[in-house]
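Please keep the viewer open as you read.

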Amino acid sequence: MAAETTGPWRGLRNAAILFAVWEIVGRLDLVAGGALPGISEILIRLWIDWGDYPRHIWATLYASTIGFLIGNALGIGAGVIFALSPTALRLFRGVNIAAFALPPIAIAPILVLTLSGMAPRIALAALGVYFVTMTATVIGLSQADSRATDVIRAYGGTRWDILRRVQFRGALPSILAGLRVAAPNAVLGAILAEFGGGGRWGLGAYLLGSLGRGEPDRLWGIGLVATLIAGLSYGVFALLATRTIGATRAVTLNTAMPQESKAAGRPAKRIVLTLGTIALPFLVWWAFIKATGVPDLISKTPWGVVDYLFLAPTAESAQTRLLAALAETLPITFAGMAAGLGFAFLLAISSRLFPRAIEAFMPVALVTQTMPLVALTPLLVLILGRGTSLTLWATISVTFFPAFVTLAQGLALVPRSAQDLPRAYGAGRWKEMRMVTLPTSLPYLFAATRLTVPRALLGVMIAEWLATGKGLGNLLNQSRGFLDYGMIWAVAAVSVLLSVLFYLAVVLVERRVLQRLGMATAE
């Protein structure tokens with residue numbers, strides 16, 4: 001009984017220590033002359049301003065909830081289709097990556113101009129969750145135990161029976177892990193749309209109106225309210241995932257070899273799929289502009305971007321500005337991506353080796369993930385300045401937590417019997433992890449890397465847009481001010497193209513490594 005009550009009490013103790021340190025540091029103005037107020041000061045300001053919050057909270061909650069439901073419905077449905085049809089997965093790969101890699105700060109103004117009402121917020125919230133949930137669904141369905149599927153087939157079961165009785169049940173922990181990450185993403189998407197000019201009400205609009213007042217306690221209050229909304233939604237799915245893992249976890253390792261796709265080896269089909277993968281995002285782009293009827297002054301088709309960058313009289317100037325921005329953005333993106341993934345990997349391993357230490361760190365990690373970066377960045381400017389350290393911190397902040405959740409899920413699903421075998425022969429915990437747990441979790445490591453690639457570029461661009469005045473983010477901000485819609489579309493297209501190239505590089509490495517090890521891949 002004592003062991004059952006230790007966990008909750010330890011969590012409360014860690015939270016109490018964190019708040020106590022926060023209060024002391026804030027009250028003594030030890031951080032940038034008051035940029036971090038004491039928790040009591042923030043709560044007092046929340047009480048004073050509480051009359052402003054209900055309508056703002058409702059607007060953000062409504063948009064993020066509807067976007068969460070729509071995005072996850074599409075993500076799970078698409079994940080099932082892609083798991084059943086590798087051809088569809090490869091054909092829509094470019095569209096999927098583009099949907100995830102689209103920088104919200106670039107498309108928020110465009111959505112506000114092309115859509116009406118709450119639609120821009122709902123669209124950004126849905127985009128923020130679709131790719132994460134779709135990837136988690138594909139990973140979970142692709143890692144089904146082939147022995148169980150063989151039993152279903154032996155008794156005359158259909159493809160639907162295999163999906164319902166084996167694959168989907170086994171994929172539930174992976175899907176729930178994806179929903180944990182998707183919940184804060186939906187809140188962030190809605191707030192970014194509000195921050196980009198999407199209406200009067202919403203926490204993003206409230207934050208935007210409060211930025212110029214020089215009141216850190218109000219900014220922190222808005223951020224903490226957003227954090228509470230996102231954190232509660234994260235907690236719900238974390239609890240569901242914890243309850244589900246035990247019922248869906250395998251007892252032993254699946255030693256059966258996955259079947260190779262015959263179609264994948266046909267050169268003609270591979271060429272057609274590659275061309276379709278490249279062309280489909282551009283067709284969707286063109287169809288969106290035509291369907292919404294956006295004026296030519298604002299909209300840019302794929303050919304319009306090519307004309308702007310290479311054929312127009314101002315093309316040389318546009319290329320110079322774009323290349324200069326890329327030279328500033330890409331190095332810090334690579335550094336932040338490596339740091340975020342490395343930190344997530346160490347954190348996931350530590351969660352198995354030193355669970356109590358991770359429990360103490362998790363409140364801080366959850367706050368950094370669920371507090372919208374657009375709310376936190378202005379405050380971090382006062383603490384870290386406007387240099388590289390701010391951009392690096394922002395990039396690590398938006399990359400490490402989704403990667404950590406994915407990696408931790410993979411480690412948690414390793415069968416206990418497989419872990420006990422090397423221990424029975426005298427292996428220590430680290431040797432057991434190196435020999436069994438880590439190799440078995442490789443698909444989740446690559447899935448975490450794929451999630452990290454587009455988010456790293458997004459984190460850098462947000463920091464540049466709000467604080468540093470450099471790189472693609474700053475170029476985007478300047479272009480919005482000058483109504484240079486051609487450059488806005490060009491920055492969005494280039495950022496998506498870079499994310500797609502990085503993503504495909506990870507997929508290529510993953511395919512070769514896992515095929516060499518005889519494990520199934522899920523692109």
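## A leucine and its surroundings

In which helix does L113 lie? L113 is found in helix α6, which covers residues 104–114; helices here are DSSP runs of H or I with at least four residues, strands are runs of E with at least two, and both are numbered from the N terminus. The model is a predicted one, where local features need pLDDT of at least 70 and side-chain atom pairs count only at pLDDT 80 or more, while totals for chains, interfaces and linings use all residues. Residues are numbered from 1 along each chain as its sequence is written, and side-chain values use heavy atoms, with hydrogens and water left out.

With a relative accessible area of 46%, L113 is partly exposed (buried is under 20%, exposed is over 50%, and partly exposed is in between, with a 1.4 Å probe and protein chains only). Leaving aside residues up to four places away in sequence, L113 touches I298 and Y485, where contact means heavy atoms within 4.5 Å. L113 and P295 are 182 residues apart in sequence, yet their C-alpha atoms are 9.7 Å apart in space.

## Salt bridges

How many salt bridges does a search of the whole structure find? The search finds three, taking a salt bridge as a side-chain nitrogen of Lys or Arg within 4 Å of a carboxyl oxygen of Asp or Glu. Let's begin with D49. The side chain of D49 meets that of R45 at 2.9 Å, N to O. These two residues are four apart in helix α2 (residues 39–49), so about one helical turn separates them.

D49 also forms a salt bridge with R218, at 3.0 Å from N to O. Since R218 lies in helix α11 (residues 216–248) and D49 in helix α2, the pair ties together parts that are 169 residues apart in sequence. Together, R45, D49 and R218 make a network of salt bridges. R45 is buried, as is D49; the relative accessible area is 6% for D49, and R218 is buried with 7%.

Another salt bridge joins D484 and R321, whose closest N and O atoms are 3.5 Å apart. R321 counts as partly exposed because its relative accessibility is 34%.

## Aromatic pairs

The structure holds seven aromatic pairs. Rings of Phe, Tyr and Trp (its six-membered ring) pair if their centres lie within 6.5 Å; planes under 30 degrees apart count as stacked, over 60 as edge-to-face and the rest as tilted. Why is the pair of W285 and W489 stacked? Their ring planes are at 5 degrees, with the centres 5.8 Å apart, so the pair counts as stacked. W285 belongs to helix α12 (residues 267–292) and W489 to helix α22 (residues 485–517), so that distant parts of the chain, 204 residues apart, are linked. W285 and W489 are both buried.

Elsewhere, ring pairs join W50, Y53 and Y206 into a cluster.

## A nonpolar surface patch

Which residues form a nonpolar patch on the surface? W303, V306, F310 and L311 do, with about 460 Å² of accessible area together. Patches are made of residues with over 30% relative accessible area and no salt bridge, joining like charges within 9 Å and nonpolar side chains (Val, Leu, Ile, Met, Phe, Trp, Tyr) within 5 Å. The areas come from the Shrake-Rupley method with a 1.4 Å probe, and for residues only the protein chains shown count as cover.

V306 sits in helix α13 (residues 302–311). With a relative accessible area of 33%, V306 is partly exposed.
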